[in-house]
Every structure is written in structure tokens, then in C-alpha cells.
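Please read them alongside the sequence and the coordinates.

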Amino acid sequence: MSTLFNDYYLNIAVMTCLWAALSGAWNLMAGYGGLVSLGQSAFFGIGAYMTAIVYTKYGISPWFGLVAGILVTTGLAAVISWPCFRLRGAFFSLATLVFPIAMEIVANNLNDYTRGPSGIAIPFRPGLDTFIFRSRWSYLVAAFALMMLVYGITRWIHRGKLGLYLIAVRDDEATAASMGIEIVSVKLIVVMISAALTAVGGFFYAQYILFLDPPSVFSINISVQIALLSIIGGLGTPFGPIVGSLVMTPLDGVLSQFFGGGPRLLIYGVALLAAVLLAPKGIVGTAKEWRRSRWTC
Amino acid sequence: MDMLSGAVSGKALMHASALVLRFGGLVAVNEVSLTVADREIVGLIGPNGAGKTSLFNILSGQMRPDSGSIRFAGRDLTGASATVCARAGIGRTFQVVKPLGSLTVHENVTVGALLHHPLVVAREIAARIVQRVGMGPLLQRPAGSLTLESRKRLELARALSIEPKILLLDEILAGLNASEVNESIDLIRSFARHDGLAVIMIEHNLHAVMSLADKVVVLDYGRKIAEGRPEEVVRDPAVIAAYLGSDG
Amino acid sequence: MLDLFPQLLVSGLLIGGVYGLLSIGLTLIFGVLRIVNFAQGEFIMLAMFGAFWLHALFAIDPFVSIFIVTPLVFGLGLLAERIVIKPILHAPHAMQIFATFGLSVVMQNIALTFWGPDYRSVQTSYASQSFIVGNIAISATSLYGFIVAVLMAGMLIAFLQFSRDGKALRAMVQNRYAASLMGVNTDRLNRLAFGAGVASAAVAGCILTPIYYTFPTVGVDLIITAFVVVVLGGLGSVAGAMAGGLIIGITQTLTGFFISVELKDVIALVLFILILLIRPQGLFGRAGMEEVGTK
């Protein structure tokens with residue numbers, strides 16, 4: 001009985017770290033770069049599928065799938081986003097909506113590789129080479145490491161050259177250009193980093209849940225959740241996604257006990273609206289403002 | 001006061017030739033040619049709507065001319081993008097001052113300094129520039145919270161941070177009171193002399209233009225109608241007519 | 001095979017008219033408020049459900065239910081504008097996106113919670129009727145839909161062209177700041193534009209009900225199509241949206257027949273990328289409009 005309980009909490013802990021990592025990857029693009037992608041689930045799904053296909057179809061260690069996933073998502077991200085950069089603000093976001101839909105269609109139809117709508121089940125063969133573990137604790141360590149990796153990268157970008165350039169491009173492209181910033185390069189770099197980190201999350205998900213099908217990994221709800229966590233926690237801050245996940249993921253665990261899909265997502269939607277309308281700076285952002293206002297008399 | 005020939009080193013830093021810019025049916029810039037020598041301060045004046053800002057937009061790469069050419073520091077920059085122009089050494093302030101609001105004053109200027117320096121060095125250089133424009137105490141202030149005068153100083157600091165060879169100042173004195181204007185004039189003169197910058201300044205403040213400029217160019221309805229020493233240009237009847245308007 | 005071409009052309013044209021109508025709202029809202037209404041598809045979905053229930057419960061024909069559903073959706077739009085849109089008009093882009101995006105999530109899941117995920121369809125008495133012209137069969141439902149769509153679009157264009165409010169709206173599309181300086185009540189007109197934008201979506205929804213399936217996430221498919229149409233036609237151009245709709249409708253139908261049914265769904269996405277690469281301002285848009293932020 002106690003192991004079951006532990007298992008439940010451990011799972012929540014693992015998912016909290018995973019969501020924080022995914023949201024953190026999105027935060028780089030959207031919070032710092034102002035490129036509000038609504039299609040992160042495409043990268044997530046590709047990462048997951050690459051891992052699963054490489055392992056189940058070819059028998060190669062999923063670590064290669066990880067590398068493949070990173071390469072494919074980074075390449076695709078660069079190619080797809082480049083023509084979209086000339087769209088500003090919301091139109092860029094609308095364009096990103098298209099990508100996961102297209103990927104879901106591809107996944108549903110490339111039956112030879114993806115087994116179509118029935119999805120791929122990954123056989124349980126524990127080992128470091130397969131990145132499958134008997135104990136949830138191992139997964140927790142890995143998820144935590146991923147979360148810290150994303151946090152670390154964000155901190156490094158935060159007020160470094162890339163971070164300053166991103167914020168300049170986000171705030172005012174004309175001014176950024178007049179200061180010699182190569183706008184397209186800056187945007188491409190952040191999109192590729194974001195895509196790669198999200199693909200890693202997909203790799204983790206595949207080897208953790210051991211099952212994936214097109215709707216579960218390409219769903220728009222993943223994109224909604226990722227965005228929600230950063231907004232609630234604090235968009236454009238390194239700690240925001242972590243705070244957001246710490247608040248929302250356990251809550252989601254509780255909610256899913258009582259509510260099914262529709263009502264639960266409804267609550268998410270309302271939470272998103274409330275965050276946007278009432279506390280757009282998120283928890284971290286509002287705390288920083290409050291602290292700053294105490295300095296001035 | 002430097003004589004025109006004294007300030008000019010004899011070599012053209014920027015040479016714009018027969019630039020034309022059209023907006024639909026309107027010709028904003030009509031066959032304008034302009035030469036700026038090394039370390040020369042050029043005043044660009046003319047009534048509102050004469051095409052001065054449009055000319056700046058062409059020179060600094062925000063807009064592409066429909067015809068004409070631009071040579072700068074030995075390179076052909078005709079139609080080059082704003083980024084390329086900035087990297088080539090053309091610095092610019094904007095008429096509507098928009099600092100990068102999410103960043104502090106220091107960070108705003110660091111962004112420009114990063115063009116030629118790594119982060120740590122860029123930060124130091126930026127701090128020094130901020131000091132030189134007289135905004136030392138405001139170093140860590142968020143740029144969005146500044147007064148107009150401070151924002152104009154910041155705009156100047158930002159333009160300087162990319163270590164340009166030429167500075168395009170678009171009405172940098174507008175909205176400032178008399179003492180602020182005088183401070184800014186001194187500032188511009190010191191930068192031009194000590195850093196060896198050429199300057200083109202769009203100004204309505206004729207006193208400032210008279211005291212700073214080696215040469216004045218006058219635009220009206222997109223065409224250049226006069227060019228020469230400030231004292232001469234101000235007495236040119238065509239120039240007077242342009243400012244007073246043809247409706248006597 | 002090629003003699004099917006006229007038939008396909010006509011079918012494409014008919015559905016294209018409806019696409020145009022559902023895109024007009026999007027382009028109007030963007031033109032006036034500079035906001036992309038991510039919930040546009042959901043207003044269509046609500047209208048579709050409205051028409052569905054009116055038909056299922058009271059046997060009201062979908063085309064008749066336009067008169068009931070549209071004012072209701074218009075009212076809902078006014079409410080949404082007040083609560084969700086107005087507060088974020090000058091907020092950073094990300095917040096604007098998530099305001100309407102959040103609204104769409106809420107609306108989708110209200111529908112999902114109350115009506116379930118099942119696909120519904122409406123069979124009108126004349127559903128299988130068609131008019132034969134030469135060797136072309138024109139489905140009655142599609143034809144009526146097309147006529148209503150064109151009528152509605154025409155009314156909107158006339159309103160924008162000739163009425164006082166319409167002219168003010170057009171002024172706002174051109175230059176918000178100048179319009180407000182000239183005494184235009186931008187606040188009231190924002191509300192009007194948003195309401196009109198979702199109302200035209202509602203009409204499109206009612207038209208689609210007998211043609212398409214009705215389900216809570218139908219808005220997601222439709223908004224992608226609407227977006228492609230808007231980009232093709234040109235942002236802010238109502239006539240462009242109509243033209244774009246017709247082109248997309250024809251392209252989809254031809255692709256679906258000559259190439260593959262699967263590709264029919266994807267073709268819109270492919271077209272979208274192509275437009276971006278070749279002519280981002282669309283057919284009737286002004287160059288640079290797709291790069292417009294909040295001004």
C-alpha cells in the first residue's frame with residue numbers, strides 16, 4: 001500500500017520535472033524571443049517517435065533515437081520557422097499551430113514506421129542502454145537533470161549576449177537591426193535550441209510511459225499546458241517555468257482524479273485566461289515587481 | 001570655429017548619389033546627392049515633410065532607394081539592410097525615441113557594444129559611454145521609466161555603442177529645453193571631435209545647427225535646394241522661401 | 001476525367017464562398033483591433049451547435065436558424081470583447097495571443113463537457129437534392145450556402161463602404177491613431193468590429209452545419225483554413241478574404257479528387273508556406289501589413 005502511494009507521488013514528481021523542462025524550453029523561444037510557438041508538441045512528438053522507432057523497429061539503443069530526434073527537430077524547426085519569421089506576433093503563432101497537425105497526419109499515415117493510429121508500445125527492458133528503469137527514482141533523477149539542464153541553459157542565455165539580443169529583437173526589431181543584430185540568425189538559434197530541448201523531453205516521455213500514439217504526443221493540449229506553466233510561473237524568467245510546474249502539475253494530478261478530459265481542460269483554459277488578464281507577469285514576475293517597488297520610496 | 005576646409009580631411013566618408021524614394025505616387029526623396037567627409041558635421045534642414053527622415057532611412061538601411069547609390073567607407077551599401085549598415089559603421093538615432101524597455105540603461109547600451117566586443121568588455125565599454133553622456137547615476141534604471149531627456153541621451157548612447165564612423169541624428173534635440181539643448185550640443189561636439197565621428201543631424205533648431213555644423217544641406221519637397229556653409233545657406237532666398245512657404 | 005473538371009470547379013467555388021465568409025470575420029477583427037482572434041473557429045463551432053440543436057429539437061432549418069443564432073453569437077462576441085479583448089488591447093503580444101487562445105480553449109471544452117466529443121450531422125429534407133446544369137450537378141445545400149455567404153459578404157462590404165460606422169472602421173484599419181484623432185470612438189467601434197467579425201463566423205457556421213460534421217473541435221480545422229485564406233487574400237482586406245476563400249475552395253476540391261483525399265487536408269498547409277515565401281502580403285494586401293504589430 002505504501003509503495004503504491006510512493007509511486008503516485010513519485011510519478012507526480014517526475015512529471016513536474018518533465019513539464020518544467022518542456023515549458024522551460026518553450027520559455028526560451030516565447031518568453032525571451034517573443035516567438036510564441038503554439039506548436040511545441042510537434043517537436044515533442046518527433047523526439048518521442050524517433051526514440052520509439054529507432055528502438056522498436058531497428059533494435060538500436062534509444063540513445064541513438066535521442067540524437068536522431070534532436071537532429072530532425074532542429075533541422076525541421078530551422079526550415080519551417082525561417083519563412084515564418086516575417087510574420088509578426090500572433091501570425092507567427094497561428095503559423096506554428098499548423099506544424100503539429102501536419103505531423104499528426106504524417107504519423108497516422110506512415111504505418112511502416114509509426115504503426116499509424118495504433119501507436120507504438122515499447123517493450124520493458126530495463127537498463128541504462130535502453131533508458132528504461134525499474135525504479136521511478138531513476139526516472140526522477142533523469143527528469144530532474146533535464147529540468148536543471150534547461151534551467152541552466154536559460155540562466156546562461158538570460159543576461160548573456162544571446163539573451164540581450166533576443167530581448168532586443170523581441171522588443172523592437174527595427175532598433176535591434178540598427179544595432180547590428182542579425183535578426184534572423186538570433187531567431188533561428190533560439191528556435192533550434194528550444195526544439196532540441198523539447199525533443200529530449202519527448203525522448204524521456206517515450207522511455208518513461210513506454211507507449212505513444214499520434215494524438216497523445218502531438219496534441220494541442222501539450223502546447224497549452226507548456227504555455228500555461230510558463231505564464232503562471234513567469235514568462236521570460238529562468239525560474240518561472242519551474243514555479244509554474246510546481247504549482248500546476250500536482251494540481252493537475254489531483255484534478256484528473258475527479259474530472260475527465262473536457263472539464264479538466266476547461267479549468268486549464270480558465271486558468272490561462274485568469275493568468276493573462278489578472279497576473280500577466282506570473283508568480284516570479286509579480287514577486288520581482290513587488291520587491292522592486294519596495295526599494296523606491 | 002573650424003573652417004569648412006579644415007574639418008574636411010579631403011576624403012568622402014559617405015557619398016550618396018541621386019537617391020530617389022517613392023511612396024506610391026509621392027516622391028519622398030527626389031534625386032538627392034550628399035557627400036559627407038571624415039569628421040564632418042552636416043546639418044540637414046528643411047520644412048516638415050521635406051523628406052529628411054526618409055533620406056536617413058535610406059542611408060541607414062531601413063528603406064531601399066528606388067534608384068541612386070550609396071558608397072560608405074569604400075563600400076557600396078546601396079540597398080543594404082539596416083543590420084549591414086550598422087555593422088559597416090552607420091549609427092542612427094530615431095525621431096520617435098523607443099528604448100528597449102525591458103532592459104536597463106546599461107543593458108541597452110551593452111547590446112550595441114556587443115557588436116564588436118565580448119560580453120565582459122562590452123559591459124565596461126557600455127558603462128563608460130553611459131557616463132560620457134552624463135547618465136552615470138541612471139545606469140541600472142529600467143529604460144522604460146526614463147524622462148524624455150534621458151531617453152534622448154540613451155538614444156545617443158546606443159547609437160555610439162556600435163562604434164560607428166558616422167552618426168545620423170534625427171531631431172535629437174526636439175523637446176528639450178534651452179539648457180538641455182546646450183548640453184547636448186556640447187556633447188555632440190565632443191564626440192565628433194574626440195572620437196573622430198562624422199555627423200549628419202536633422203534639426204529644426206537652427207541655433208544648434210549654426211553652432212555645430214560645418215556644412216548645411218537643405219531639403220524641400222524631397223529635393224536638395226541648397227548646400228553650403230551655415231551662414232550662407234541661412235541667407236539663401238530659396239531657403240527662406242521654402243520655410244516661409246509660397247503662400248505669402 | 002477532365003470532363004469532371006467543371007463539376008469540381010463548381011463544387012470548389014461553392015465551398016470557397018463559405019470559406020471566404022468565415023475568414024472575413026478574422027480579417028475584419030485583425031484589421032480594426034490588430035488582434036488575431038484565435039477563438040474565431042470556436043464561434044463558428046458554437047453557431048454550428050446552435051443550428052444543430054435548433055434542428056434536432058425544433059426541426060428548424062439551418063438557414064432559418066441563422067436569424068436566431070447570429071444575434072446570439074453577436075451578443076456573445078460583445079461580451080467576450082468586453083471581458084477578454086479590451087483589457088489586452090495594448091498588452092504585449094504573448095498576452096494577446098493567449099487571451100484569445102485561452103478563450104478558444106475554454107469554448108472548446110465547454111462544448112466538449114456539455115455535448116461530448118461525438119460527431120453530429122444535420123440531414124435536411126433537401127439534403128440529397130441537386131440541380132443539374134448541363135453535366136454539372138450542383139448540390140442544393142451547397143448552392144444555398146454559397147448564395148447566403150455571398151449575400152452576407154456583400155452586405156458587409158456595402159456596410160463598410162457606405163455606412164458612417166463602416167467608413168470609420170475602414171479608417172481604423174488604415175490608421176488607428178489618425179482615426180482616433182478625428183473623433184472616431186474607437187472603443188465602441190472595437191466592440192462593433194469584434195461583434196461583426198464573430199457574427200459573420202456564425203452565419204458561416206449555420207451554413208456549414210448541413211454540409212460538415214459538428215463537433216467541439218471543428219473550430220481547429222476551420223481556423224487553419226481561415227488563416228490560409230486570410231493570408232492568401234491579404235490581411236485586412238475583406239474582398240481579399242472572399243477571393244482567397246474561392247481559390248482555396250477550388251484548390252482543395254481539385255486536389256482532393258485528382259491527387260488524394262489525404263492531401264486535401266494538407267494542401268492548405270502547403271499553400272500557406274508557399275504564399276509566405278512568394279508573396280507574404282497576399283493578393284490584395286499592402287506589402288508589410290503582415291508585419292504590422294500593434295500601432
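Which chains share the most contacts, of the 2 pairs of chains in contact?

1. The model is a predicted one, and of its 2 pairs of chains in contact, chains A and C share the most contacts. Chain B and chain C, by comparison, are joined by no contact, and their closest C-alpha atoms lie 11 Å apart.

2. The contact between chains A and C draws on 36 residues from chain A and 36 residues from chain C. On the side of chain A that touches chain C, at least two residues each come from α3 (62-84), α4 (90-109), α11 (220-233) and α13 (261-278) of chain A. Of these elements, α13(A) gives the most, with 11 residues. By class, this side of chain A divides into 28 nonpolar, 6 polar and 2 charged residues.

3. The contact between chains A and B takes 22 residues of chain B and 17 residues of chain A. On the side of chain B that touches chain A, the elements that give two or more residues are α3 (82-88) and α4 (105-113) of chain B. The residues on this side of chain B comprise 9 nonpolar, 8 polar and 5 charged.

4. As to the fold of chain A, the secondary structure consists of 14 helices and 2 strands. The radius of gyration of chain A is 19 Å, close to the 19 Å that the globule rule gives for 297 residues, so chain A is as compact as a globular protein of that length. The C-alpha trace of chain A spans about 60 × 45 × 35 Å along its principal axes, and buried residues make up 54% of the 297 residues in the chain. Among contacts in chain A between residues at least 6 apart in sequence, 77% join residues at least 24 apart.

5. Helix α6 (residues 136-158) of chain A deserves a separate look. This helix of 23 residues reaches 32 Å from its first C-alpha to its last, which is close to the 33 Å expected at 1.5 Å a residue. The buried residues of α6(A) are Tyr139(A), Ala143(A), Leu146(A), Met147(A), Val150(A), Thr154(A) and Ile157(A). As a general point, an α-helix has 3.6 residues a turn, so residues three or four places apart point the same way.

6. In chain B, 4 strands form an open sheet in the order β2-β1-β4-β5, with antiparallel pairing. At the edges stand β2 (26-37) and β5 (75-76) of chain B, each with a single partner strand, so one side of each is left without a neighbour in the sheet. Strand β1 (residues 12-23) of chain B is joined by 5 bridges to strand β4 (residues 67-72) of chain B, and the two run antiparallel. Within this pairing, His15(B) has Arg71(B) in β4(B) as its bridge partner.

7. Elsewhere in chain B, strand β9 (residues 215-220) and strand β10 (residues 223-228) run antiparallel and are joined by 5 bridges. The bridge partner of Val218(B) in β10(B) is Ala226(B). The hairpin of β9(B) and β10(B) has 2 residues between the strands, and in this hairpin Tyr221(B) takes a positive phi near 50°.

8. A last point concerns confidence in chain B. The mean pLDDT of this chain is 87, and 94% of its residues reach 70 or more. Over residues 1-9 of chain B, however, the pLDDT is below 50, and beyond near neighbours in sequence this stretch has 13 contacts in the model.

Terms used: Residues numbered from 1 in each chain as written. Chains lettered and ligands numbered in written order. Predicted model: local features only at pLDDT ≥ 70, side-chain atom pairs only at ≥ 80, totals over all residues. Contact = placed C-beta atoms within 7 Å. Nonpolar A, V, L, I, M, F, W, Y, C, P; charged D, E, K, R; others polar. pLDDT = per-residue confidence, 0-100. Pairing = 2+ DSSP bridges. Rg over C-alpha atoms; globule rule 2.2 N^0.38 Å. Buried ≥ 20, exposed ≤ 12 C-beta atoms within 10 Å, placed from the backbone. Expected span 1.5 Å × (residues − 1).
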